[in-house]
Amino acid sequence: MTTDAQTEVCPVLHAGRDDDLSLLPKDAELATNEHYELPTELFRAFLDERVKYSSALYRTPGATLEEAQTAKLHFVAERLGLKGGERLLDIGCGWGSLTLFMAQEYECDVVGVTPSGPQAEYIREQADRLKVAARVDIRVGSYTDLDVEGRYDAATMLGSIIHMPDRVAVLRKVYDSLRRQGRLYLSESCFRSTEAYREFALRPGTRHVTETIFGFADMVPFSHLIESAESAGFSLEQLDDLTAHYHRTIEEWQRRAEANHDRIEAVAPGMAERLVRYLSVANAGWGYTSKHYALTAVKSRLGPKAAV
């Protein structure tokens with residue numbers, strides 16, 4: 001989040017919107033980090049115990065947020081076809097919920113990428129605590145600039161490509177890092193259509209989320225992301241609509257943020273009201289102006305399934 005003083009130094013950064021790539025990835029990284037480098041305690045006050053900052057998956061009506069987030073991580077593993085022991089690239093790994101889970105539950109060797117030093121430090125501490133440090137390698141910086149050498153069996157991008165201005169370049173780099181038949185799982189919040197994008201992208205509520213909270217976020221229609229994935233060379237395998245699940249996830253985040261108002265203010269004064277407003281705006285738009293989709297794609301010219 002930008003403070004008023006920071007806003008004067010760091011003016012509107014949405015030059016990356018709608019395929020105008022005049023915003024450099026480094027500038028997007030710096031702007032976005034203003035949010036992700038806030039104290040981890042703030043996020044622990046309203047997220048689940050793994051500090052997973054993306055949609056859960058509610059498989060049963062009475063599931064808790066913690067249970068739904070665990071179900072979501074297993075769902076990602078299912079979509080990627082993980083059996084155990086694979087090499088995984090987690091781009092925009094946040095506080096490491098997926099990185100640590102796949103290392104612990106599926107014994108994957110995971111390279112996690114985050115632009116945030118505090119996030120990297122937190123993940124390394126958790127990896128030591130969970131005794132999976134040998135399987136977890138955290139790289140700090142812009143994914144666009146980092147060297148993530150080697151071939152991976154799978155890659156994940158959960159809510160991270162929204163912060164990257166040049167989507168095609170990013171996905172081409174992911175494609176090049178995967179082995180043949182390697183899979184990508186990409187999930188993102190988006191406008192439900194190009195028309196909604198044009199009408200609502202610059203409205204105050206949207207700008208509060210994409211600029212005031214995240215510094216830089218270009219929430220495009222999902223068709224833009226599909227086009228980018230195809231341009232990068234991927235064959236599309238599966239599309240999941242998780243809108244209702246994210247709506248319920250954010251309901252629970254908002255309930256926890258309101259209940260822990262004083263705890264949030266103690267570590268980030270002035271943040272509680274802005275955070276609740278962001279969550280309220282996000283949840284008001286689901287199904288009307290916005291959606292949340294997950295895409296599974298494969299590095300294969302003929303697609304993932306053999307003809308019989």
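Let me begin with a term: a residue counts as buried under 20% relative accessible area, as exposed over 50%, and as partly exposed in between. The model I am presenting today is a predicted one.

I shall start with the charged side chains. Side chains of opposite charge can pair when their charged atoms come close. In this structure there are 13 salt bridges, and I will discuss three of them in turn.

One of them joins Asp137 to Arg139, with 2.9 Å between the closest N and O atoms. Are these two residues buried or exposed? Asp137 has a relative accessible area of 31%, and is therefore partly exposed. Arg139, at 16% relative accessibility, falls under the 20% limit and so counts as buried.

The next pair is Glu78 and Arg59, whose closest N and O atoms are 3.8 Å apart. As to accessibility, Arg59 has a relative accessible area of 52%, which is over 50%, and so Arg59 is exposed. Glu78, at 49%, counts as partly exposed.

Let me turn to helix H11, which spans residues 243-259 and contains both Glu252 and Arg255. They are 3 residues apart, about one turn of the helix, and their side chains meet in a salt bridge with an N to O distance of 2.7 Å. Glu252 is buried, with a relative accessible area of 17%, whereas Arg255 is partly exposed at 47%. Which residues form the network of salt bridges that includes this pair? Glu66, Glu252, Arg255 and Arg256 are linked in that network.

Finally, a closer look at Met157. What does Met157 contact, once its neighbours within four places in sequence are left aside? Its partners include Ile91, Met164, Val170, Leu171 and Val174. Leu184, Tyr185, Leu186 and Ser187 are also in contact with Met157.

That concludes the presentation, and I welcome discussion.

Conventions
Residues numbered from 1 in each chain as written. Predicted model: local features only at pLDDT ≥ 70, side-chain atom pairs only at ≥ 80, totals over all residues. Heavy atoms only, no water. Contact = heavy atoms within 4.5 Å. Salt bridge = Lys/Arg side-chain N within 4 Å of Asp/Glu carboxyl O. Buried < 20%, exposed > 50% of the residue type's maximum accessible area, 1.4 Å probe, protein only. Helix = DSSP H or I, 4+ residues; strand = E, 2+ residues; numbered from the N terminus.
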